Every structure is written in structure tokens, then in C-alpha cells.
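Open the model in your viewer and keep the selection panel at hand.

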Amino acid sequence: MPALSSASTPAAGGRPARAATRGTEPASSRRPPQWGTDVALARAAGLGDRDAFDVIADRHGPALLRFARRMVRDPDEAQDVVQEALVAAWLSMGRWDGRSALSTWLFGITANKARDVRRRRRPSPVDPEVLMRHEIDVVEDRAGSTPEEALFRSALAEALADLPQRQRACWLLTQVEGLSQAEAAVALRMTPDAVRGQLGRARQSLITKLEDWR
């Protein structure tokens, strides 16, 4: 995913210079950043370690892009959403308090950026071919899947795309990305009860839309 590679992460105007001590420590006292936990990487990035942040982007970028693509329904805008989210994460990394998982925090920033994009966008029809290429993977493709399974994935993708934004975000974070309801509540700045309510409404809507597949 070139847009999320270390070579393309934003540098000008937002990314502090690398820590002045990098490269001066004995080699035996340094560990490659890809070996670090999220907490260790976030702490290093909060102190200005660009390599540590690049590892964070590489580690969590694919999931953020998957989530953004299903939220904004446009692959190009999804790339922009994730890039803006990563810039915002870099600028505020020093304020991450560790009370939630780093991935939860990043999903929350991405959800906010996706909401901003949808507010700015003028309503326009979506090319069905774009939906087929970029939203059919809500349920992961499997080798040897039958035509009926492919049609169901397409129907599920369209049903999810029709959900109100908050319902879709709650559903994707909990049912696709594996966050708990409490984690989704933190990411979306909602109460767990509100997430539970949104999930119930989303589930009922999906059952209705997919009635022919029961």
C-alpha cells in the first residue's frame, strides 16, 4: 500500500525532526522499531521518532484503510481519509494516554476524518463497478467461493453501505475489525449503551435487507 509507506508519510509542516540522539547510541542499546509493542512505538513516536511512527502506520494502516473504504465508499477518498488520520495521529501522538488500545485510538481518528469527508462531499451517485471492486470484500474472499457466495458478499456490502453512518461505523468496528463494544464506544466517543443500540438497529436493518438470503 504505497500511500501508507514510510517514504510517503507526511513530513513537511507536521513531522518533527528525528530525535537528535538517534544514531549516537551504541548499536547494542537500540532495537529495530518493528520489534516494539504499540505502547513502546507510540511513546517513541510521541518523542519525535519518525521510524517508530512509520512502523505504526505500516502495522495499522491496512485496517484503517479497510475501515475508511467501507465508510466513505470511494477508494480515492478512503486513501485521503487515512492519510489525514495519520497526520492527525502524528501531531497528537504525544497526547495519547494509553487508556485505550492504540488501534482503538487510530480508528477513532479515522472515523472522525471519514465523517468530515462525508460532510464536505456533495451527494452523487456511486459507480456500481466501484462498489463491486472495493466494497465486496466486507466478507473476505476465499479461494473457490461459489457464485452464490460472491452474490451474497455483494448484497451484504450494499446493505452495509445503506446503513446510517453511526450504525455502519459501530457494525464495522465490532463485527469486522474485532473491537469490543466498549472499545468501539471509546473510538466513536459514544457510550457502550449507545453502541449497543446502534448495533441492534443495524442488525435489524441488515436482516430486513438480506431477507431473501435466509
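Helices here are DSSP runs of H or I with at least four residues, numbered from the N terminus. Axes are lines fitted to C-alpha atoms over the stretch in contact, and angles run from 0 to 180 degrees between N-to-C directions. The model is predicted: local features need pLDDT of at least 70, side-chain atom pairs count only at pLDDT 80 or more, and totals for chains, interfaces and linings use all residues. Residues are numbered from 1 along each chain as its sequence is written, and side-chain values use heavy atoms, without hydrogens and water.

**Stop one: the helix pair**

Select residues 75-92, helix H3, and residues 102-120, helix H4. They pack at an angle of about 130°, with axes 9 Å apart.

Now show side chains. On H3, pick Glu77, Val81, Glu84, Ala85, Ala88, Ala89 and Ser92. They meet H4 residues including Trp105, Ile109 and Lys113; contact means heavy atoms within 4.5 Å.

**Stop two: a pocket**

Which helix gives the largest share of the lining of the second largest pocket? H4 does, with six residues. Helix H8 (181-188) also supplies at least two. Select the lining, with Asp97, Arg99, Trp105, Asn112 and Arg189 among them. The volume is about 300 Å³, the space filled by probe spheres set on grid points joined across faces, edges and corners. A pocket is an open set of points on a 1 Å grid where a 1.4 Å probe fits, with protein on both sides within 12 Å along at least five of seven lines; lining residues have an atom within 4 Å of a point.
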